[in-house]
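Me: I have a structure on screen and want to learn how to read it. Can you take me through a pocket and a helix pair?

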Amino acid sequence: MNLEKRRIILRLLKEKTTRRWMSTFTFLVCILFLLIFLSLLVESTLLLSKYSLKELLFSSKWNPEKYSFGFLPAIIGTIYVTILSMVLATPIAVLSAIYISEFASSQKRILISSFIDILAGIPSVVFGVCALLVLVPLVSNYIGPLIGVETTGMCIFTASLVLSVMVLPVIISLSTESLKSLPVELREASLSLGATKWETIKKVLLKGAAPGIFSAILLGFGRAFGETMAVAMVIGGKNQIPSSPFSAGQTLPSLIVSSFGEMMSIPIEQSALAFAALQLFFVVTIFNFLARWIKIKLKKRWGV
């Protein structure tokens, strides 16, 4: 065997080994996902063996000392806060993405994108502290009295405001990328037919980027659904079904955080917290898969 042939064999061997290592690491990530799911499921079995899913999901009584584990108030609080935050954040995020991709100069685009990236990297506890110092007094002293409602400011509405700010970077970044990825010819063709800039955006670009924007909104929904610390600091921590946006409430993540210390020493209570985490894991996973599925379906349907 000559030297050149040995080099070729050695190079092919290295490529094969590298490819195997890469595939192994990739599968390990997938296995990690399954391990998290299985560990939560195993930890939840003690609770699930003693209570039915109907009792756990539809009961509003939460009193671990008397072995009452009704998750309904936390589930409703989570859905309430998440939907309200998305209603507040989505229009702002989409309009911001349109401005960044279609109107801002390259220098402004870089500057704004940098601030959005920084906003995405700020720890949630910082948002929580800012909300305690600014939003809670604002809601308690001004917004509540303005609409004739008495509130301490530690409520669903304040938690939704914080969450809406926290999901903005996710939706803006992904929506901007979707708009920027559209071909320039699409814009030029619309403008050449006499459409205005805004008509081009509304009737052509938003339709073309809709799969990516819908996907961004759903990913933001998943982020808001599982957010923990900032919400726990301002939502009031009361395990009750909220009667209005200005009522104190509870979410599944804030329930886990507030009960973590006192409940982890008793097996059945520890299992209850694992079940709360399992619900979050399940819903966030569903929304991530749903976002991908809708993106693919819309792309096929609209041919974009």
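The dialogue below covers a pocket, then helix packing.

Reply: This is a predicted model, where local features need pLDDT of at least 70, side-chain atom pairs count only at pLDDT 80 or more, and totals for chains, interfaces and linings use all residues. Residues are numbered from 1 along each chain as its sequence is written, and side-chain values use heavy atoms, without hydrogens and water.

Me: How much space lies in the largest pocket?

Reply: Rolling a probe the size of a water molecule over the atoms shows where empty space is left. A pocket is an open set of points on a 1 Å grid over the protein atoms alone, where a 1.4 Å probe fits, with protein on both sides within 12 Å along at least five of seven lines. Here the largest pocket holds about 190 Å³.

Me: Which elements give two or more residues to the lining of the largest pocket?

Reply: Lining residues have an atom within 4 Å of a point. Helices H6 (156–180), H8 (197–226) and H11 (267–302) each give two or more. Among the lining residues are Leu-174, Ser-215 and Arg-292.

Me: At what angle do the axes of H5 and H6 cross?

Reply: Axes are lines fitted to C-alpha atoms, and angles run from 0 to 180 degrees between N-to-C directions. H5 (residues 124–146) and H6 cross at roughly 135 degrees, and their axes come within 9 Å. Angles under 35 degrees count as roughly parallel, over 145 as roughly antiparallel, 65 to 115 as roughly perpendicular and the rest as oblique. H5 and H6 are therefore oblique to each other.

Me: Which residues of H5 and H6 meet?

Reply: Contact means heavy atoms within 4.5 Å. Phe-127 and Leu-135 are among those in H5, and they face a set in H6 including Leu-161 and Val-165.

Notes
Grid points are joined across faces, edges and corners, and a volume is the space filled by probe spheres set on the points. Helices (H or I, at least four residues) and strands (E, at least two) are DSSP runs, numbered from the N terminus.
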